[in-house]
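Here is a short briefing to read alongside the model. Have the sequence and the 3D view open, and let us walk through a few regions together.

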Amino acid sequence: MIKVECYPVGEIEANCYAVFDTEQDICFVVDTGAPSEELERSLDKFGGEKLKYILLTHGHFDHIGNTLAIKKKYPAAAVVIGREDSKFTNDDYLNLSYKFESRRFDHFDADKEVGNADELPFGNKTIKVIETPGHTKGGVCYLFEDMLFTGDTIMTGTTGRMDLPTGNTRDMINSVRLIAGLEGDLRLFCGHGNATTLDYERKHNYVMEYYINEDLY
C-alpha cells in the first residue's frame, strides 16, 4: 500500500510530500522546503532509517530550505536534485533566498545529481526522473507508479513562472508538452496548491492547452 502525505511548509506554502510504501517498509520525501514538525513525526513513527531519498524537484529556497536539517537527522537518505540545478544549493542568488532574510539556510551538496530517464531504485520498484526545464534549467519531475511529482512545472490550472534565474519560456513549453503527452491519467502532486490529475489538466489547464495547440515557434 502506498500512502502520500502533503505538508504545505514555509511562508510561501510550498508542498513537501512524504511517500510511504508500507509493503516494502520504505519511504521517500519530495521538496523539503521548510521545517515541518508533522513531517518529522510521520517519519519518526514510520522509522526514520527507512527514508531512502530526499528528492528535490528544483533548487528554489522554498523547496530545498530544510534539506540539510532533514539530511542530518536522517543521514541514510540520499539527497537528489536535477543536474543543472545542483549549484542552486550553494548560491543564494539562484535559489532566491537572498530576497528573504528569514529564509536563509545552510548550504549543502546533493548526494546524487540526475538527468532525464534516470531511474532511482526504490526497493523492488523504481522512481523515474523526467527533465522538465522551464521554471529552472534543472527542474525535474519524479514519476513513481501512477504519481508524478511536478514541483513548479505544472500546478493546478497553470504552470510555474519563467522569469526567475535560469527560467526559460521555450523550455517550459516543451516540458508542458512532454507532460501532457505522458500515458494515462497520472496523479499530479504539485509544488504549490492542490493535487490534480493529468486528464483534468489536459482539459482545464488553459496554459497547457495553449502550449499544446498553438504554434509558438
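Tyr142 has Phe149 in strand E10 as its bridge partner, and three bridges join strand E9 to E10 (residues 147-151) in an antiparallel run. Strands here are DSSP runs of E with at least two residues, and helices are runs of H or I with at least four, both numbered from the N terminus; two strands pair if DSSP finds at least two bridges between them. The model is a predicted one, in which local features need pLDDT of at least 70 and side-chain atom pairs count only at pLDDT 80 or more, while totals for chains, interfaces and linings use all residues. Residues are numbered from 1 along each chain as its sequence is written, and side-chain values use heavy atoms, with hydrogens and water left out.

**Around strand E9**

- Strand E9 spans residues 140-144, and five of its five residues are buried (buried means under 20% relative accessible area, exposed over 50%, partly exposed in between, with a 1.4 Å probe and protein chains only).
- Both faces of E9 are covered, with Val140, Tyr142 and Phe144 buried on one side and Cys141 and Leu143 buried on the other.
- Strand E8 (residues 125-131) is joined to E9 by four bridges and runs antiparallel to it; Glu131 has Val140 in E9 as its bridge partner.
- The hairpin of E9 and E10 has two residues between the strands, and Glu145 there takes a positive phi near 55 degrees.

**The six-stranded sheet**

- Six strands form an open sheet in the order E1-E2-E3-E4-E5-E6, with mixed pairing.
- Its edge strands are E1 (2-9) and E6 (112-114), each of which pairs on one side only.
- From one strand to the next, the twist averages 20 degrees (axes are lines fitted to C-alpha atoms, for helices over the stretch in contact, and angles run from 0 to 180 degrees between N-to-C directions).
- E1 pairs with E2 (residues 14-21) in the antiparallel sense over eight bridges, and Lys3 stands opposite Phe20 in E2.
- Helix H1 (residues 37-46) lies across E1, E2, E3 (26-30) and E4 (51-55), and runs at about 10 degrees to E2.

**Two buried residues**

- Asp21 lies in strand E2 and is buried, because its relative accessible area is 0%.
- The side chain of Asp21 reaches the backbone nitrogen of Glu23 at 3.2 Å.
- Not counting residues up to four places away in sequence, Asp21 touches Met1, Ile2, Ile26, Phe46, Phe122, Lys125 and Phe144 (contact means heavy atoms within 4.5 Å).
- Leu56 is in the loop between E4 and helix H2 (61-64), and counts as buried because its relative accessibility is 0%.
- Leaving aside neighbours within four places in sequence, the contacts of Leu56 include His63, Ile64, Val79, Phe108, Val140 and Tyr142.

**Helices H4 and H6**

- Helix H4 (residues 169-180) and helix H6 (residues 206-213) pack at an angle of about 100 degrees, with their axes 9 Å apart.
- The two helices H4 and H6 are therefore roughly perpendicular to each other (angles under 35 degrees count as roughly parallel, over 145 as roughly antiparallel, 65 to 115 as roughly perpendicular and the rest as oblique).
- Met172, Ile173, Val176, Arg177 and Ala180 in H4 meet Met208, Tyr211 and Ile212 in H6.

Note on methods: A polar contact is a pair of N or O atoms within 3.5 Å; within protein, one must be able to donate a hydrogen and the other to accept it, and residues adjacent in sequence count only if both atoms are side-chain atoms.
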